[in-house]
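Let's take a walk through a protein model together. Keep the sequence and the 3D view handy as you read.

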Amino acid sequence: MIVLPNLPYPHSALEPVISETTMRTHHGKHHARYVDVTNTLLAEAGASSEDLEAIVAKAWKRSETKLFNNAAQAFNHGFFWNCMHPGGQRPSPAFAGVAEAELGGPNRLKAAFMAEGAGHFGSGWVWLLSQSGELRVEATHDGDTAARMEGVTPLLVCDLWEHAYYLDYRNDRAAYLAAWWDNLVNWPFVERQYAASIGQAPAWTYPSADREILAGASSSLGVAAGG
C-alpha cells in the first residue's frame, strides 16, 4: 500500500512564497488523490506490495497509463516536498563548482531552469537531473516523471501544474518560479541527490510504512567536495 507522507514542515512554513491554503489543498487533496487512486488500481489488479519506484517503472514499461500517471504523480509530489525548505539556502561552494563545470555556474543553472519551466506548454514538471554527475535541465509533461528514466537521478523538481501556483500568483508561472528558486530551494537535499548520482550517498526514496522520510537534512558531496 502506498502512503501519503507527512510534509517535512508545517503547511504554513513556506509562506509568503507558497500559502498555507495552497499547501493544504496541494498536499491534502491533489497528492492524496494520486495515492488513493494508485492503491485502488493496485488492489483491483491484485498486485503485490512493492515500492512506489518499482510500481512506476513497471507501469511505464507495460504501458499501464492510468496506473503510471497516478503512481508517477505520487512520486513527483513526494519528491517535490523535499525539494523545498522554509527560507531556502544557497548552494555550497562545492556544488557551485559542479554547476560551473556542467552548466556555466549557478546563475546559468537558474536561468536554464527558469526558461525551461516558464516555457513549458501546459502542465508538467521541471527537473534538474544528473546522469553519473552530468547535469541537465528537462521538463516532463503532465504526470511523467524522472523516476522512470534509467540511469538518471533527479536532484530538484518544481511543479508546473496550475494548482501549485494559481491561487498565490494568479497563474503567473514565471513569478512563481523566480520566487520559488530564490527563497525555497532545499540545496542540501539537491546536493545529497547529486552525491547519490555519483555513488557517494543513498538517493531519496518515496516513503512507505517501513521507510523513514528523508527531509533533505544534511548534504554529502564526497568527491565533488574534494573528499
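Predicted model: local features only at pLDDT ≥ 70, side-chain atom pairs only at ≥ 80, totals over all residues.

**Two pairs of helices**

Two packed helices are described by the angle between their axes and the distance between the axes. The axes of α2 and α3 lie 9 Å apart, at an angle of about 145°. The crossing of α2 with α3 is left-handed. On the α2 side, the residues that meet α3 are Leu52, Glu53, Ile55, Val56, Ala59 and Trp60. On the α3 side you'll find Leu67, Phe68, Ala71, Ala72, Ala74 and Phe75. Sort the residues of this contact by class and you get 11 nonpolar, no polar and 1 charged.

Now look at helix α4 (residues 93-103) and helix α5 (residues 106-119), whose axes come within 8 Å and cross at roughly 65°. Angles of 65 to 115 degrees count as roughly perpendicular, and α4 and α5 are therefore roughly perpendicular to each other. Their crossing is left-handed. Helix α4 brings Phe95, Ala96, Ala99 and Leu103 to the contact, while α5 brings Pro106, Arg108 and Leu109. By class, the contact of α4 with α5 holds 6 nonpolar, no polar and 1 charged residues.

**Which sides of the helices are hidden?**

Back to α2 for a moment. Just after α2 comes Ser63, with a positive phi of about 55°.

Helix α7 (residues 173-183) has buried residues too: Arg173, Tyr176, Leu177, Ala179, Trp180 and Trp181. What covers them includes the helices α3, α5, α6 (166-169) and α8 (187-197), along with the strands β1 (124-131) and β3 (153-159).

| Residue | Relative accessibility | Class |
|---|---|---|
| Leu14 | 1% | buried |
| Thr153 | 15% | buried |
| Asn171 | 33% | partly exposed |
| Ser49 | 64% | exposed |

Leu14 sits in the segment before α1. Leaving aside neighbours within four places in sequence, Leu14 is in contact with Tyr9, Met23, Met84, His85, Pro86 and Leu184. How far apart in space are Leu14 and Gly88, C-alpha to C-alpha? The distance is 9.2 Å, although the two are 74 residues apart in sequence.

Ser49 belongs to the loop between α1 and α2. Ser49 and Thr25 are 24 residues apart along the chain, and 28 Å separates their C-alpha atoms.

Thr153 has its place in strand β3. Not counting residues up to four places away in sequence, Thr153 touches Leu128, Leu129, Ser130, Gln193 and Ser197. Why does Thr153 count as buried? The cut-off for buried is under 20% relative accessible area, and Thr153 is buried because its value is 15%.

Most residues other than glycine have a negative phi, and most peptide bonds are trans. With that in mind, have a look at a few spots along this backbone.

A cis peptide bond joins Glu15 and Pro16, with omega at about 5°.

Ser132 has a positive phi, near 55°. You'll find Ser132 in the loop between β1 and β2 (134-141). Is Ser132 buried or exposed? At 61% relative accessibility, Ser132 counts as exposed.

Asn171 also has a positive phi, near 75°. Asn171 is in the loop between α6 and α7, and at 33% relative accessibility this residue counts as partly exposed.

Methods:
Residues numbered from 1 in each chain as written. Heavy atoms only, no water. Axes fitted to C-alpha atoms, helices over the stretch in contact; angles between N-to-C directions. Helix = DSSP H or I, 4+ residues; strand = E, 2+ residues; numbered from the N terminus. Parallel < 35°, antiparallel > 145°, perpendicular 65-115°, else oblique. Left-handed = near helix turned anticlockwise from the far one by under 90°. Contact = heavy atoms within 4.5 Å. Nonpolar A, V, L, I, M, F, W, Y, C, P; charged D, E, K, R; others polar. Buried < 20%, exposed > 50% of the residue type's maximum accessible area, 1.4 Å probe, protein only.
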